[in-house]
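I opened a notebook on this structure to record what I looked up.

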Amino acid sequence: MSSSTPTRAESTRDAPSKRPAQLRVLLGYAAGVGKTFRMLEEAQQLKRQGKDTVVGYFEPHGRKDTIAKAAGLEMIPTKTINYRGVDFQEMDTDAILRRRPAICVVDELAHTNVPGSERAKRWEDVQVLLDSGIDVITNMNIQHLESLNDHIFNITGVRVRETVPDWFVKSASEVVMVDATTGALLNRLKRGDIYAPEKAQQAMENFFKESTLAALRELALRQTAHELEIREIAEMPEPAEGFSPASPRPEKAVRDRILIYVTADPSTAMLIRRGRRMADYLGADCFAVCVSPHDGRRHLATQDIEAIQKHLNFARNLHIEGRTLEGDDPAESKRYSRDYRGGAPPAVSTGDLSASADRRRSRLFYFDSQSVMKLSGSAPRPSMFIQALARRVYTGAGAKGPGVMPAVAS
Amino acid sequence: MATDSPHRPTPDQLLAEVELEEIRKRRGRLKVFLGYASGVGKSFQMLDEARRRRERGEDVVVCALQPEYPPEVRAILQKLEIIPMLKMGGAEAIDVAAVIRRHPQVAVIDGLAYDNPPGSPNAHRWQDVEQLLDAGISVMASLNLQYLEKLQEEVERITGKRASCTIPRGFLDRSSDEIVVVDAPAIDSLSRGIAAADSATRLAEGHKLSRLRELALLVAASVIDRQLESYLRSHGMDWSWGVQERILVCVTPKSSTAQMLESGRRNADRFQGEFYVIYVQQPALSQHDRTVLEQNLDYARQLGAQVEILTGLDAAEAILKFAREKGITQIFIGHSMPQGAWRRLWSNLIERIIRFAEGIDVVVYPHPR
């Protein structure tokens, strides 16, 4: 699988006659900014325009204004799934497919389905709807974006467990910011419009601090601007024309390469997220490489092998291609890019990674700070540079709770 | 941690903030609904908020309207109190005197960037708004991005047009308490049918709108960034998380740094981030070194970097201290140094930076030999 996902806009261009299903993601920065309200408002508008619009899933949260907004819209009944004696309501994807509307609105994209559901994540259900040609309007908060997981942890002290992979958001035809001022949001919270009083108090101590909200809001605005920019670039017929040097844009033709060194160390998850994000912003291709000892001199412990596998899976879920190399030390992964000749893995041509006389094309290597120390003896070749994300697993120091293992999808 | 923070405000700073806060309390608050074009839904969002506020018991009055509205907005207006505008020779102006007499908690102004008709006390509507704010009335106002003076050049580059009436630089920076972005797709793909004839002009228009849209989002982000920074400073908190990417390139006299500077510039552009270049002073530079260094720093300035020269016996410490103060997220540093003792010192420096730059990407940049 390619390490870069074509945007929906890109795939449209090739087949102008058949319009692929459109995905619109309404992006907010906290509960209560008005994502659901806006989503229902759009559904009402589309219905007024005569579009066959249904509500696939909607979480009223007991908010009056929101419930009123849903009046008159067709709701697809949810499906009851019993898990350990408790009934859970989940979106009934099959029922929506049978109903075949033109447009379906789906609340809370980042939701994790209860065990026993057909698919683990709601975004996977949305994918099924899109594949069958149904347009979807959905919503999520910035803190649910996988590549920002560590960042969000630093800002909020909370490890968000429900995430959506970046490539899925990237595949949306539109990402729209649902904005509200932090002041307005805090007022809503105090009035009890967002959560019940005891939950509101708890929320104020975590996400709902003014500085935290401001930081999240800024992140969401920047992310939306970025999403817009990558779609613009994808639609641009040829690079750079009409752009002044004062605001240069990434050129389409030249793609940087980013290589992430995967170890059993928990900080690898952070390297992967950071590498993914860097790749998305720089318009680069991204690879994850681990080195396994080839002559049995040093055997990896079973749990290390499992951890490495987990990290490679995690990378794959973020659409980063993983490779296992034989060798003993991290310098091997560097050699990979330099010396790999013949029998190149299908998607990674040797030329891609090594030949780089083109000075505009740079290659970035993400190592944890431990591994990079082992490398420092071997001076890197010209036009190759190493990026060491000196990032440890955060414990204590400003963050709440114990040192948390980065959430890794298995 | 906070006690020795470099951001700990001085007493003077604190005093200035307190005085500013006093002025803010007497003044009304301004909330601007910023949209990137007309028709994105600014009026709807603002007037709907006005309605909700009124239903909660706030004293909200509308004092400037657009000439025409779609049905869903007209329905909202019926629930709001309106102070009619003054008609002067075919043009309209806010009846400032009437609004001040009525003295509501909140005055709603749909369309901030208008010039008043000749003969009005104020030439521009934004001056009316200042007057209302000074009178202690809060204002909600809608604004189209292209009327912001400070964005004129960029908007002109995108649209080829220059707006006639503008909101001056500093108006939003000075008194805008809040800014909300009203965002919507440039071309609505959902209400559009299958392959609805995307003519070239329509697509070009879409691209222009997308760029304006991006500009609006980034303007709001930078306003929030400034507010966040001053909030953290006034609360004596550490600026420890870079929401915005900030790129720092460390230059030396000997290295050929052009490529590293260009690469740093490119990263800053792609992340819409900030770009710093520093040089840590070293003892006894030769004439040749000094010339090369000056060339490097000149080039950095040409690329729009914020250039600073640091002093300090320990270069690694100086670099890291600077990085933490500015909230740097990526450090670029050249790898190779001349032979001999310097070389060992330099590798040692890089190692220390990597080890202690927690949370910062360190890019070790090779130099061609």
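The entries below go through chain A and then chain B.

**Entry: the model**

I noted before anything else that this is a predicted model.

**Entry: chain A as a whole**

I looked up the make-up of chain A and found 15 helices and 13 strands. Of its 410 residues, 45% count as buried. I then turned to contacts in chain A with a separation of 6 or more, and 70% of these join residues 24 or more positions apart.

**Entry: the two domains of chain A**

I looked up the domain bounds in chain A: domain 1 covers 8-232 and domain 2 covers 257-389. Eight residues from domain 1 of chain A and nine residues from domain 2 of chain A take part in the contact. On the domain 1 side, α6 (149-156) and α7 (166-170) of chain A are the elements that give two or more residues. I sorted that side by class and got two nonpolar, three polar and three charged residues.

**Entry: the open sheet in chain A**

I traced an open sheet of six strands in chain A, in the order β3-β2-β6-β7-β1-β8, with parallel pairing. The edges are β3 (74-75) and β8 (174-177) of chain A; each has a single partner strand, so one side of each has no neighbour in the sheet. Further in, I checked one pair: β6 (residues 103-106) and β7 (residues 135-141) of chain A pair in the parallel sense over four bridges. Within that pair, A:Val105 stands opposite A:Ile137 of β7(A).

**Entry: helix α8 of chain A**

Which residues of helix α8 (residues 182-191) of chain A are buried? I found A:Thr182, A:Leu185, A:Arg188 and A:Leu189. Looking down the axis of α8(A), I saw that the buried residues fall within an arc of 120 degrees, so they line one face of the helix. The general rule I had in mind is that an α-helix has 3.6 residues a turn, so residues three or four places apart point the same way. The buried residues of α8(A) pack against α9 (197-205) and α10 (210-235) of chain A. Just after α8(A) I noted A:Gly192, with a positive phi of about 85 degrees.

**Entry: the two domains of chain B**

Chain B is divided into domain 1 (24-234) and domain 2 (246-365). I looked up how far apart their C-alpha centres lie, and the value is 43 Å.

**Entry: strand β2 of chain B**

Strand β2 (residues 60-64) of chain B is mostly covered, and five of its five residues are buried. I looked up its partners. With strand β6 (residues 106-109) of chain B, β2(B) pairs in the parallel sense over four bridges, and B:Val60 stands opposite B:Val106 there. Strand β3 (residues 81-82) of chain B runs parallel to β2(B) and is joined to it by two bridges; B:Val62 has B:Ile82 as its bridge partner in β3(B).

**Entry: nonpolar cores**

The largest nonpolar core has 148 residues, and B:Leu34, B:Val108 and B:Ala220 have the most contacts inside it. Helix α8 (residues 200-234) of chain B gives the largest share of this core, 12 residues. Apart from it lies another core, of 37 residues, which includes B:Val277, B:Ile278, B:Leu293 and B:Ile328. I also looked up what B:Leu34 touches beyond four places away in sequence; B:Leu143, B:Ile179, B:Val181 and B:Ala220 are among them.

**Entry: strand β9 of chain B**

In strand β9 (residues 246-251) of chain B, six of the six residues are buried. B:Arg246, B:Leu248 and B:Cys250 point one way from β9(B), while B:Ile247, B:Val249 and B:Val251 point the other way. I found six bridges in the parallel pairing of β9(B) with strand β10 (residues 274-280) of chain B, where B:Val251 has B:Tyr279 as its bridge partner. The pairing of β9(B) with strand β12 (residues 330-334) of chain B is also parallel, over four bridges, and B:Leu248 has B:Ile331 as its partner there.

**Entry: B:Thr329**

I placed B:Thr329 in the loop between α11 (315-326) and β12 of chain B. Is B:Thr329 buried or exposed? It is buried, because 23 other C-beta atoms lie within 10 Å, and the cut-off for buried is 20 or more. Its C-alpha atom is separated by 29 Å from that of B:Glu153, 176 residues apart along the chain.

Conventions: Residues numbered from 1 in each chain as written. Chains lettered and ligands numbered in written order. Predicted model: local features only at pLDDT ≥ 70, side-chain atom pairs only at ≥ 80, totals over all residues. Domains from an automatic or database assignment. Buried ≥ 20, exposed ≤ 12 C-beta atoms within 10 Å, placed from the backbone. Pairing = 2+ DSSP bridges. Core = buried A, V, L, I, M, F, W, Y, C linked by C-beta atoms within 7 Å. Contact = placed C-beta atoms within 7 Å. Nonpolar A, V, L, I, M, F, W, Y, C, P; charged D, E, K, R; others polar. Arc of directions from axis to C-beta.
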